[in-house]
Amino acid sequence: MKSYITTPIYYVNGAPHIGHAHTSTMADILKRNRKALGYDTKLTTGCDEHGQKNQEAALESGMPITEYLTMRSGEFQRLFDMINVDYDYFVHTSRPEHMRQVANVEQRMFDAGLIIKKQYSGLYCTGCEQFKKTTDLTDEGNCPDHPNLGVEELDELNYFLNIEPYRQQLLEHIEENPKFVDPPIYRAELKRMLAEPLEDLCISRPKTRVSLGVELPFDNNYVTYVWFDALFNYLTNLDWPKEGYEQWWQAAEHTIGKDILKTHGVYWPIMLMSIGESPPARLSVHGHWVGPGGIKMSKSLGNVVDPIEVIEVVGTDALRYFLARNMRSDGDSNISLELVRQTYNSELGNKLGNLLSRAAKFSKKQFDDRVPTPGLFGSADEIIRISVLEAVNGFARRIEMADIPRLTQQLITVCDRMNNYFAEQAPWDLIKDPITDERCRTVIYVSLDCIRLVFEALRQVIPMSSNAALLMLNCLPNENEIWQPALDSLPPETKLNEIETLYPRITE
Ligand SMILES: [Zn+2]
């Protein structure tokens, strides 16, 4: 089975921000999940190097344009490397073969009579690089996603794709495929977008205004609308239209933020339908990160969270854990460096790392550096073992992006129960009396075996520290084997490695 997961390709008109880190991390978690289940996986992320916004940012920087684009896309790639995104392919839309295929598909659409040229006057948001209807705007007449930019009046001769004829077909596709858009609130939003007739999609920009893009093959006074060009990366990454892309394409899942639902949920499926390709299998949509108190991040408020700074202060896994654990599926979620640090200290440090350290060090000290051989399990043992296995099993199935926070929280909730079990069983008392020695061995065995299971699941979320923990327990699973969580897979008498502090406390 194949799994093809994509992230949006990000505009490089500024440095990468927390939203970019989030989408790419969630896509990475999905890939690790599918890989653990034995799928053939492919994950792509990357940069959009065309369009007016990039062109203006390059101009403002004073750098030659290609140098600017290389500098910025390098920053994105470094962030994704730092945050441990296991991408198979890093997209650059300036790649000649991508540009060639975009031009080819445009020529095909043009020859088929799908593209028309006409004068258009309307309101335009440079932030979205899209024409807007007045009904798209806020009461103040601004773009809801770019309220500070203002919209401008444009009157231009451009090329358009007639998309209204496909609206009904797309609505039917959404009805027939309830999981096409997930979670359901964004499915409902997409259906609202498709409730009214669709205006023609402008697919060109005059070179007098934008020169950074794919030249239209049938009119060299124009470049391709940046979104039209960018969306096709999802196919050109697969060497489309060459033989062999189909199997991957059938499994395509796009991870996106809610602000680009329209481009991915309306324009892209219709562009695909118009050339006889099927829509992607899945659009997984998430909300946005905002500052504490739900306040939108802005430089002037000083509440912008820089992912690189967070990684430098608390580390990659602290950030990955926070992102995975906290994104609400019904709206926006709060983040700050302080919140990431608190969550790291209280959950990864106090609950998980601390338990590993206590149980493993006790075992090393009392049982000759080894995992003890347990006696018979009692009811307290079975209760904790079953709840751990249940929580861990959440990651042993195919997960969707919207499931990630709940499943991650389940693991930490079960850590609370493991800590309670450890405290109630009090192995430090049991060891004192030869009569309870075997009971002590059982409690330590159960604790270590449960900790192992939790880290096996967490490899999908925080792979670096989970692998480090499993290495300390000397039971690192083989990456290439299908993962089937099971109790008692930690062999008794396993020699434990050095136990180091996995999540050292971080204070200001
Ligand atoms: Zn906008």
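This is a predicted model: local features need pLDDT of at least 70, side-chain atom pairs count only at pLDDT 80 or more; totals for chains, interfaces and linings use all residues.
The protein donors are the SG atoms of Cys125, Cys128 and Cys143, together with ND1 of His146. These atoms lie 2.1 to 2.4 Å from the zinc ion. Along the chain, the donors follow the spacing C-x2-C-x14-C-x2-H. Two of them, Cys128 and His146, are 18 residues apart and link distant parts of the chain. Cys128 belongs to the loop between β4 (115-125) and β5 (130-132), whereas His146 belongs to the loop between β5 and β6 (152-161). Cys128 counts as buried because its relative accessibility is 11%, while His146, at 23%, counts as partly exposed.

The contact between the two takes 31 residues from domain 1 and 26 residues from domain 2. Together the domains bury about 2400 Å² between them, and 65% of this area is on carbon and sulfur atoms. In domain 1, the residues that lose the most area to domain 2 are Ile29, Asn33 and Met82, which together make up 20% of what that side buries. Charged side chains also take part, with a count of five salt bridges between domain 1 and domain 2.

A salt bridge is also found for Arg398, whose partner is Glu253. The closest N and O atoms of this pair are 3.6 Å apart.

Helix α12 (residues 316-326) is mostly covered, with eleven of its eleven residues buried. Among them are Ala318, Leu319, Phe322, Leu323 and Ala324. The buried residues of α12 also include Asp317, Arg320, Arg325 and Asn326.

The bond from Asp182 to Pro183 is cis, with omega near 0°, and Pro183 lies in the loop between β7 (181-182) and α6 (184-193). The bond from Trp240 to Pro241 is cis as well, with omega near 5°. Pro241 is located in the loop between α8 (233-236) and α9 (246-250).

Positive phi values are a further backbone detail. Asn84 has a positive phi of about 70° although it is not a glycine. This residue, Asn84, is found in the loop between α3 (65-82) and β3 (89-92), and its 22% relative accessibility makes it partly exposed. For Glu493, which is likewise a residue other than glycine, phi is positive and near 70°. Glu493 sits in the segment after α18 (463-472) and is partly exposed, with a relative accessible area of 37%.

How values were computed:
Residues are numbered from 1 along each chain as its sequence is written. Side-chain values use heavy atoms; hydrogens and water are left out. Helices (H or I, at least four residues) and strands (E, at least two) are DSSP runs, numbered from the N terminus. Buried means under 20% relative accessible area, exposed over 50%, partly exposed in between (1.4 Å probe, protein chains only). Donors are N, O and S atoms within 2.8 Å of the metal (3.2 Å for Na, K and Ca); water is not among the atoms, so sites may look incomplete. Contact means heavy atoms within 4.5 Å. Buried area is the accessible area (1.4 Å probe) that two parts lose on being put together, summed over both. A salt bridge is a side-chain nitrogen of Lys or Arg within 4 Å of a carboxyl oxygen of Asp or Glu.
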